[in-house]
Amino acid sequence: MSDNNKMTMNIFSDYLSIPDNREDIFTLEDKLGQGAYGKVFKGIHKESNMEVAIKIVPKEKVRNNSLQKEIALMKKCISCDYILKYYGSYLCKQEIWLILEFCDGGSVQDLMKITNIQLNETQIASIIFMVLNADPSKRPPVEVIKNDKG
């Protein structure tokens with residue numbers, strides 16, 4: 001096995017595989033957005049009827065363990081009320097599906113776009129204050145700083 005193939009195997013070893021008929025597990029609904037890595041859809045987990053967000057990333061976009069780092073950080077924040085819940089990752093043919101908490105209101109950035117309002121320093125400070133003053137057992141780790149621009 002070449003070094004390239006070994007690296008590819010290691011990169012994807014943490015993901016659960018789901019069958020080609022993933023439509024039996026999830027229903028993809030509206031596209032919610034698109035980022036540097038992939039697209040995000042609203043989805044329904046059929047067994048529980050729970051709404052989820054499904055981030056679909058093509059395997060070829062996964063570089064330098066960046067997706068694994070993102071997942072590791074989300075796992076650390078599982079009990080934090082201010083960070084999206086991470087439910088799992090699946091390898092589906094040539095795609096990786098990240099199953100996340102679905103938030104109707106979207107992100108702070110989404111709200112800024114919808115309202116066409118830029119947050120001022122006081123508003124940003126309020127958001128940071130709420131996160132930092134959360135119950136310490138539910139606070140995100142210090143290294144959790146997310147920039148979805150790539």
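**Exercise 1. Which residue in β6 does Tyr-90 stand opposite?**

This is a predicted model, where local features need pLDDT of at least 70, side-chain atom pairs count only at pLDDT 80 or more, and totals for chains, interfaces and linings use all residues. Residues are numbered from 1 along each chain as its sequence is written, and side-chain values use heavy atoms, leaving out hydrogens and water.

Step 1. Find the strands (DSSP runs of E, at least two residues, numbered from the N terminus). β5 covers residues 86-92, and β6 covers residues 95-101.

Step 2. Check the pairing (at least two DSSP bridges between two strands). Six bridges join β5 to β6, and the strands run antiparallel.

Step 3. Read across: Tyr-90 stands opposite Trp-97.

Step 4. Look at the turn. Two residues separate the strands of this hairpin, and Lys-93 in the turn has a positive phi of about 50 degrees.

**Exercise 2. Why does the pair of Phe-26 and Trp-97 count as tilted?**

Step 1. Recall the rule: rings of Phe, Tyr and Trp (its six-membered ring) pair if their centres lie within 6.5 Å; planes under 30 degrees apart are stacked, over 60 edge-to-face, the rest tilted. The count by this rule is two aromatic pairs.

Step 2. Apply it. The ring centres of Phe-26 and Trp-97 are 6.1 Å apart and the planes are at 55 degrees, so the pair is tilted.

Step 3. Phe-26 is in strand β2 and Trp-97 in strand β6, so the pair ties together parts 71 residues apart in sequence.

Notes: Buried < 20%, exposed > 50% of the residue type's maximum accessible area, 1.4 Å probe, protein only. Helix = DSSP H or I, 4+ residues; strand = E, 2+ residues; numbered from the N terminus.
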